[in-house]
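Let's take a walk through a protein model together. Have a look at the picture first, then read on.

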Amino acid sequence: MNCELCPRKCGVDRDREVGFCGVSNTVKLARAALHEWEEPIISGTKGSGTIFFSGCNLKCVFCQNYDVSRGFGKEVTTDRLIDIMKELEDKGAHNINLVTPTHYVNQIMMALDKYKPSIPIVYNSSGYESVTTIEKLNGYIDIYIPDLKYSNDELAKKYSKAPNYFESATAAITAMRKQVKDVIKDDLMKSGLIVRHLILPNALDNTLGVLDWVTKNLDKSTYVSLMGQFTPYGEAQKYKELTRKIKPLEYKIAINKLLENEFYNSFIQDLDSASGAYIPPFNLEGV
Ligand code: SF4
């Protein structure tokens, strides 16, 4: 079957060749472990059961998980994917957190058809999604955590080769919003939507454009996570404007915009998190 799972619409048969995401139809994973550094309603006290999928359909030049997005990982069967979910449940995970899952949606649905964990399923993605794929996931996913990375098409083209990112991601987030209602119990999200945005250096207009869309299109009770952790990784060094962390003033302006728009369920990261210490080691743990 020719792959049109995401807005790239490569049209390749992934049993024979690879498209932009760089991976075949066989699931490849880089890590599966409890993770403490998601938003508090996702990580809770015991951790989120994160499964990091290899490959990526966006491949930002500044990717904070660069090697994984470029394909580092180990191939596993659908049955092994199911066992990994069970192992994370046994370790006490609050949820099964599928990180960068877009290009494996069919395999994930096959696994969830065979085994449905007793904890929420989180779809944690770059936001570069097609509405058709999100609609297929209806009933499989409890919590969506999409990024909304760019409002600026030029930046989306320059850093991710995706000039249609904003149009695609906002349509996908609108579809996600229709599917899931926000439910929090005992300080943990059971279902819902969290929109994330990573502030880029020298790109405040991009951030303000993202927050403007959120304000005009989502209810003020929406969970919005503003991230200040940008660290120059991957190919960032090739872009002069990406060679530094964000400045406190850039962060302050973005936070003020969010607060001024009364998004009372916002998550705001400490700027101290702009270090590699919060990026887990990708060493095939749990795979
Ligand atoms: S999932 Fe991969 S192969 Fe399929 S359309 Fe997207 S980038 Fe192309």
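This is a predicted model: local features need pLDDT of at least 70, side-chain atom pairs count only at pLDDT 80 or more; totals for chains, interfaces and linings use all residues.

Residues are numbered from 1 along each chain as its sequence is written.

Let's start with strand S8, residues 188-198. (Helices, H or I with at least four residues, and strands, E with at least two, are DSSP runs numbered from the N terminus.) Eight of the 11 residues of S8 are buried, so the strand is largely enclosed by the rest of the structure. Here, a residue is buried if 20 or more other C-beta atoms lie within 10 Å of its own, exposed if 12 or fewer, and partly exposed in between, with C-beta atoms placed from the backbone.

| Partner of S8 | Bridges | Direction |
|---|---|---|
| S6 (residues 143-146) | two bridges | parallel |
| S7 (residues 183-185) | three bridges | antiparallel |
| S9 (residues 223-227) | five bridges | parallel |

You can find some of these pairings residue by residue. Tyr144 stands opposite Leu193 in S8, Ile184 has Met189 in S8 as its bridge partner, and His197 is partnered with Leu226 in S9.

S7 and S8 form a hairpin with two residues between them. In that turn, Asp186 has a positive phi of about 50°. Asp187, in the loop between S7 and S8, has a positive phi too, about 65°, although it is not a glycine. Is Asp187 buried or exposed? With 10 other C-beta atoms within 10 Å, Asp187 is exposed.

Elsewhere, Lys59 sits in the loop between strand S2 (48-53) and helix H2 (66-69). Its phi is positive as well, near 50°. Lys59 counts as buried because it has 21 C-beta neighbours inside 10 Å.

Last stop: the helices. Helix H3 (residues 78-90) and helix H4 (residues 105-114) pack at an angle of about 65°, with their axes 9 Å apart. Axes are lines fitted to C-alpha atoms, for helices over the stretch in contact, and angles run from 0 to 180 degrees between N-to-C directions. Thr78, Leu81 and Ile82 of H3 meet Gln107, Met110, Ala111 and Lys114 of H4; residues are in contact if their C-beta atoms, placed from the backbone, lie within 7 Å.

Technical notes
Two residues are in contact if their C-beta atoms, placed from the backbone, lie within 7 Å. Two strands pair if DSSP finds at least two bridges between them.
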